[in-house]
Amino acid sequence: MQDNATEVTAAGIARLAGVGRAAVSNWRRRHADFPKPVGGTETSPSFALAEVEAWLRKQGKLAEVPLRERVWQQLAGHPEGPLTALVHTGCALLLIHERPTVWLDASAGSDARLAAMLPGALEKVLTPRVGGVRGRRGTGVGGASASAGAGARGRAGAGAAAGAGGGVNAAFGRAGVNGVFEQAGVNGPSNPPAVNAGSAPTAVNSGSAATGVNPGPTASGVNSGTAAAGVNSGSAVAGVNSDPVVPGVNPESTAPAANSSPAAPTVNTPPTVHNDSSVHNAPPTHGESTVHNASAVHNRSTVHSTVPGTPAAIADSPSTPTTLGAPTPPQTTPTIPTASLTPTTPTTPTTPPTPALTTPTGPQLLPSVPLLRGAAELAAEIGARQTFEFLLGRHLDANPRQYTLTPAELAGLMADLAGPARTVLDPACGTGALLRAVDPRPGQELYAQDSAPELAALSALRLALHSRATVRAAVGDTLRADAHPGLQADAVLCHPPFNERNWGHDELAYDPRWEYGFPARTESELAWVQHALARLTDGGTAVLLMPPAAASRRSGRRIRADLLRRGALRAVVALPVGAAPPYNIPLHLWVLRRPDRTPAAPEVLLVDTGRFAGETRGGPDWEAVREAVLDAWRAFAREGRLAERPGLARSVPVIELLDDDVDLAPARHLPPAAVADGAEQLTRVRERLGETLRLTADLTPPPADPAPAARWTLTTVGELARGGALVMRTGGNGGHARVPVLTDHDVLAGTAPSGALPESEEEAVLTEPGDVVVPVLGGGAVARVIDGATGGAALGRNLVLLRPDRTALDPWFLAGFLRGTANNRQASSYASTATRLDVRRLHLPRLPLEEQRRYGARFRALDEFERALRHASRLGEQLVRGMYDGLTDGTVAPD
């Protein structure tokens, strides 16, 4: 029944049936029995997945939905949204990974039984793996809440058990969570007896005639006076739902704390710093933004933002952080990780941190049960970890504008710069890419925080599935509400938000983290730098991805100067253009260490890897970047200085940088590469250019002999494919392992494979020598024959591969005729701003194989001539640029 709740769009139907979206539109028009839309919009309707599958099978258009596609469509069409579905799936996959027999037992019965048994089973897995997580009845990450409304301080009429409100033992369909749930209690026979589970249970916090919290001693409420037998009656009795460490949740200044000992101190009373309503009750400016980090959505203030299913009373409360998709009951205090209890000077408001993960309840999990069963089936084939990575990667690829991801290569470089560490923190974790790149160690602890609840939850699950480390993840704005204030980490990795104005400048003026100076409103990145240093142990290393402006803005020069004087800033690495979003800017890496002593004559390492930028959109040469940066950093770390490497790296005495600007941009302090061997290098380039020009002259085609226009019998690529003379494949899928990817830009420019595709379980299309590759965008008449050097590369997006049968078609003959200008013009579509080539409509003549080879030999000679011209052009540009640089920097004499 729940399968009917899963919806699929027209694009999903096309993927299921292996056709284009136009075919789905035709089916809707031509077949009266095609399923009717059940959701979406008029222009983008959605359909019930079960109805679509049944119709496709009836029409003979679908034998069976591939398991991967079925699971993905169930996740994408989940009634509560894909993020909720991902969290539920991740929880189930972690259970499968850790305790497969428990899953097998729970999944053996009905959907209702599975949903009822899962919370208890998940609790036993999440608590040890995601440090300190406590399941909270009535709330869960990514699920709909069982409660309809609950006040933050237990006000009459809005308390945990008020009327239709849902609290700890609130009603779910008029049945308590600890009561009947489709004839199976959530805390059924396998669990301890439910609290308040009498034959006629009394509502929590309410007596027979009382409506307030903590009624008089004559009431029979749970939190009654000392003369009653309530659970939280006497001072010596532990309160239900009260945290043993942080008692009392946000009581009024004149009222005793709800569900806590009368003598216990309260949290976030009015005198608490930064607890005024102007700070925490205002609508968050960036609460709904999820941009600026795959590694991070950037800790924007979403702690009090309204999430679907969150009552307004909770969303507006200054003291009730929310978790993904469900409100937090006002009497449940989240568990604080042990490390955060270390005595320290508080740096942020003392609101208890919100755990990234809470155990979903049975009602929340029920709509996800078909998805969880499918994910378990897929995990049996490829593994739980791979299943979660596949679904998460598919979601990120389907929503590229919602997330700014940290590339895996960059994450690995940052982790290597930080070095081996037992305790690692990412205060803007996003999807956990940086912590996932950390080398595992015994007893390792990974700490994470993000302002987006859904990303913090996904990070916790991803890291728990990836390694055996203890994961301590929390939700909250790190700068305003640090969840790990007492942490002293061995390493901090961070991709913070760039150019943030609303980072807490006004509220945090006297924060003790600003050890190197109070950051200006426009210097949010320097606030993150100082936060990272404050969370390091002495001698610990932090690596942050920074915008290049942070190295030179005048508003930050005093903080930069103090970082230099005290030896905290150890290196600045300029990355090539295209290393990470935004791809048009050469971002920087800052390597910092918390100084245990001030060096006598400190120096700073400056590295510029701009020379390794890729010529196409495939990104930089990561292997070269990694080798250059790590080699320079390790030599500098050993000796405290580095011999000059012209154009690449040098260590600069701090005193040279302490001028009026304190400009740390590496390009401004590194000599150009031509200084070392300027004239000799230019001589070698000139010699290579001369050789190439001579080769080009030899390859110049002979004069064309006139001939009458030929009248051939033509065929099309589509006809040849249907007849078996060639095979057509389209690119764009990732593969099991990372291999070089041939992009459309590589084909157009005639360069080597330079791209990358996300690693996935889908099969990549690998090229073979003799294949013909044709780009479908750009409007150019281009076709490339794959040679031995390019063979084995994966086929990238917007490319079509033609694999001819050598007994029927010559590859060079095929490629040559496909490049005809008139041929491309008649096969191109001009319906949009981008010209798209329909490869099936391209013509070529029907000729005997021997005649094809004669044409193929001529086409091959033209291709060699074209390659020589391109090589000569690149050498010429290099020579001209080198001459200009040499003449202007004095390394080349004018005569």
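Which residue in strand 6 is the bridge partner of Thr423? The close-ups below come from a predicted model, and the second view gives the reply.

**View 1. Strand 6 pairs with strand 5 and strand 7.** Strand 5 (residues 423–426) runs parallel to strand 6, with 4 bridges between them. Glu445 is the bridge partner of Thr423. Strand 6 also pairs in the parallel sense with strand 7 (residues 470–475), here over 6 bridges. In strand 7, Ala473 is the bridge partner of Ala448. Between strand 6 and strand 7, the chain passes through helix 15 (residues 453–466), and this β-α-β crossover is right-handed.

**View 2. Both faces of strand 6 are covered.** In a regular strand, side chains alternate between the two faces of the sheet. On one side of strand 6 sit Glu445, Tyr447 and Gln449, all buried. Because 6 of the 6 residues of strand 6 (residues 445–450) are buried, the strand is largely enclosed by the rest of the structure.

View 3. The order is 15-20-17-18, with antiparallel pairing. Strand 15 (726–730) and strand 18 (784–785) stand at the edges. Each has a single partner strand, so one side of each lacks a neighbour in the sheet. Strand 17 (residues 772–775) and strand 20 (residues 799–804) are joined by 4 bridges. Pro775 stands opposite Leu799 in strand 20. Helix 23 (residues 811–818) packs on this sheet and touches strand 15, strand 17, strand 18 and strand 20. The direction of helix 23 makes about 15 degrees with that of strand 17.

**View 4. Salt bridges link charged side chains, and the structure holds 36 of them.** Arg668 and Asp663 form one, with their closest N and O atoms 2.9 Å apart. Arg668 is exposed, whereas Asp663 counts as buried at 14% relative accessibility. Arg803 bridges to Glu768, with a closest N and O separation of 3.7 Å. Arg803 lies in strand 20 and Glu768 in the loop between helix 22 (744–749) and strand 17, so the pair ties together parts that are 35 residues apart in sequence. Glu515, Asp538, Asp562, Arg566 and Arg594 are linked in a salt-bridge network.

Technical notes: Residues numbered from 1 in each chain as written. Predicted model: local features only at pLDDT ≥ 70, side-chain atom pairs only at ≥ 80, totals over all residues. Heavy atoms only, no water. Buried < 20%, exposed > 50% of the residue type's maximum accessible area, 1.4 Å probe, protein only. Helix = DSSP H or I, 4+ residues; strand = E, 2+ residues; numbered from the N terminus. Pairing = 2+ DSSP bridges. Right-handed = clockwise from strand over helix to strand, strands pointing away. Contact = heavy atoms within 4.5 Å. Axes fitted to C-alpha atoms, helices over the stretch in contact; angles between N-to-C directions. Salt bridge = Lys/Arg side-chain N within 4 Å of Asp/Glu carboxyl O.
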